[in-house]
Amino acid sequence: MRARWIPILSFAMLAVAFVIDVKTPQTLVVAILLDVPIVLSAFAGSRSLTAWLVIAALAANGVAGYLNGVAAGGWDAIGVADRALAALSIALVGWLGTTLQERARTFGRLAAQESRARREAQLAVAVDRIRASLSYEIVLRAIVREAPALFNAPDARWIPEDRGEGMLTATRDRDEVALSAYAVRPEITSIARRAFDDDDVVELRADDPLGGMVLDGIGARAALALPYSDRGEPLGTLLLGFAAPADIDEIARALARAYARSGSAALAQTRLFAQLAERNDALAERGGVIRDLVYALSHDLRTPLAALGLTFRQAKDGLYGPMPGAYLEIVDRSIVATDELQRLAETLLLVARFESGERRPRREPVDVDLLLAEVVGELEPIAAARHVDLQVGDVCGSRIEGDRGDLRRALTNLVANALEHTPAGGTVNVAAHRNGEGIAIDVVDDGPGVAPAARATLFERFAGGEGRRGAGSGLGLYIVRRVAEETGGTARYAPRAPHGSIFSIVVPVRG
């Protein structure tokens with residue numbers, strides 16, 4: 001509102017300064033007052049307003065000087081010099097004002113970009129935590145628990161679609177989710193229905209009668225309602241309360257949409273997993289068919305995924321012409337995603353072969369140092385994207401006998417796992433050394449480690465370690481163990497002080 005009055009006030013002050021200048025002797029430097037409205041215009045952030053004020057001030061300075069000379073019967077040399085200095089001052093103040101405005105706009109853009117990047121990084125961390133389980137209840141509580149800190153909101157409430165389930169609440173200052181037994185109020189139900197009907201985030205403000213009732217009920221000045229659904233079926237609504245309407249900006253709205261989409265996908269995944277678990281007996285009878293399907297699907301996926309990855313890399317190298325920087329960033333992310341999909345397809349194919357009993361691993365000499373270098377080189381883009389330092393440490397200069405492809409897959413699983421659980425700025429080190437049993441290949445990270453209760457089942461199929469190994473296919477460490485055992489060795493885990501993990505493949509030296 002104040003910005004609207006700045007142009008009017010600036011020109012009014014300019015007129016007043018001009019009148020005072022005309023009424024005073026020409027040797028009295030009153031023209032300096034013409035700088036004041038120019039300085040004031042800088043607060044409006046308009047370069048055109050400042051430019052017009054500079055032109056008007058220069059004209060007023062000249063006209064006032066002329067009128068002073070006419071009134072005095074001549075023009076004093078000092079008065080003329082003062083006028084020249086005043087004109088120079090007006091031009092200089094105008095230039096400084098426009099320069100500061102441009103700097104302020106640049107700083108504002110950079111600050112907005114930094115804020116968006118920081119919030120997106122926080123979103124990625126929150127989504128990883130949400131997806132760390134396949135339990136519907138745990139995922140739902142994670143959605144509610146992570147929301148206050150992510151959105152800098154005092155509290156978050158989960159409004160279930162089934163009104164008999166009760167309302168989950170979480171606050172920013174407590175890392176707990178509480179279940180409320182009282183019924184959901186009708187106005188909150190109406191807001192939830194509106195969000196589902198619009199299929200978008202709904203913003204609640206006090207000037208909306210229905211929104212005002214909801215805000216009064218939750219003790220907030222503004223709120224966002226985020227709809228969650230599974231293939232069109234409503235699951236519930238996340239209601240975020242804010243201390244002021246200004247807390248809800250365009251970044252917050254975009255973040256809310258992304259958070260709702262990610263949460264909906266995570267909840268849908270848990271529902272699908274639960275449905276699969278309920279049909280476990282039927283799936284066991286048809287295990288052979290499913291195994292064959294997985295085998296065929298993963299086998300057939302490898303070729304198109306490899307072709308897609310090659311196309312992305314060719315585009316990045318400029319084979320199809322130059323691309324803007326933003327497109328190159330998207331291509332880099334696409335390459336990483338395609339590589340991860342290809343590794344998943346190969347993982348499924350390998351598990352299908354393990355379970356089918358059709359495994360016929362080859363026996364060939366494998367250079368351990370070269371194997372380490374190849375795996376690290378392949379995963380370096382993922383490490384760079386996660387801002388993790390991936391290194392090759394000590395090497396042993398030895399050879400082992402085994403299936404090179406299987407050993408490469410096992411080591412890739414360990415390194416990818418370490419990268420996934422190492423925080424930004426951390427380090428993952430891959431090294432090999434001789435011990436009393438043969439060659440030990442170690443993958444060392446400084447992540448959070450594995451909870452003691454989860455260590456006994458780390459290398460089993462679909463084994464999840466609390467807070468450490470919940471994401472992914474659940475097959476990576478299982479494959480590591482099977483490959484190590486087929487090579488005549490073992491797969492091991494050891495905690496690292498003060499935090500972190502050491503995963504090892506220990507295989508004997510042949511010949």
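In which loop does Asp-199 lie? Asp-199 sits in the loop between helix H6 (186-198) and strand E4 (202-205), with helices (H or I, at least four residues) and strands (E, at least two) taken as DSSP runs numbered from the N terminus.

## About the model

This is a predicted model, in which local features need pLDDT of at least 70 and side-chain atom pairs count only at pLDDT 80 or more, while totals for chains, interfaces and linings use all residues. Residues are numbered from 1 along each chain as its sequence is written, and side-chain values use heavy atoms, with hydrogens and water left out.

## The chain as a whole

The chain has 14 helices and 13 strands. Of its 511 residues, 41% are buried; buried means under 20% relative accessible area, exposed over 50%, and partly exposed in between (1.4 Å probe, protein chains only). The accessible surface comes to about 26,900 Å², and carbon and sulfur atoms account for 58% of that; such areas come from the Shrake-Rupley method with a 1.4 Å probe, and for residues only the protein chains shown count as cover.

Taking contacts (heavy atoms within 4.5 Å) between residues at least 6 apart in sequence, 65% join residues at least 24 apart.

## Two nonpolar cores

A nonpolar core here is a set of buried Ala, Val, Leu, Ile, Met, Phe, Trp, Tyr and Cys residues joined through side-chain atoms within 4.5 Å. The largest has 42 residues, and Leu-390, Leu-411, Val-415 and Leu-419 touch the most other members. Elements giving it two or more residues include helix H12 (368-385), helix H13 (404-421) and strand E10 (427-435). H12 supplies the largest share, eight residues.

Leaving aside neighbours within four places in sequence, Leu-419 is in contact with Leu-379, Ile-382, Ala-383, Arg-386, Val-388, Leu-390 and Val-428. A second, separate core of 35 residues includes Val-201, Ala-258, Ala-266 and Leu-267.

## Aromatic pairs

There are four aromatic pairs, where rings of Phe, Tyr and Trp (its six-membered ring) pair if their centres lie within 6.5 Å; planes under 30 degrees apart count as stacked, over 60 as edge-to-face and the rest as tilted. Trp-158 and Tyr-228 are edge-to-face, at 5.2 Å centre to centre with 65 degrees between the planes. Trp-158 belongs to strand E1 (residues 155-160) and Tyr-228 to strand E5 (residues 222-230), so this pair ties together parts 70 residues apart in sequence. Both Trp-158 and Tyr-228 are buried.

The ring centres of Tyr-493 and Phe-503 are 4.9 Å apart and their planes stand at 55 degrees, so that pair is tilted. Tyr-493 is in strand E12 and Phe-503 in strand E13, 10 residues apart, and both residues are buried. Together with Phe-459, Tyr-493 and Phe-503 form one aromatic cluster.

## Backbone points to look at

Most residues other than glycine have a negative phi, and most peptide bonds are trans. Asp-199 has a positive phi of about 55 degrees although it is not a glycine, and at 64% relative accessibility Asp-199 counts as exposed. Asn-152 also has a positive phi of about 55 degrees without being a glycine. Asn-152 is placed in the loop between helix H5 (136-151) and E1, and its 52% relative accessibility makes it exposed.

A cis peptide bond joins Ala-497 and Pro-498, with omega about -5 degrees. Pro-498 is found in the loop between E12 and E13.
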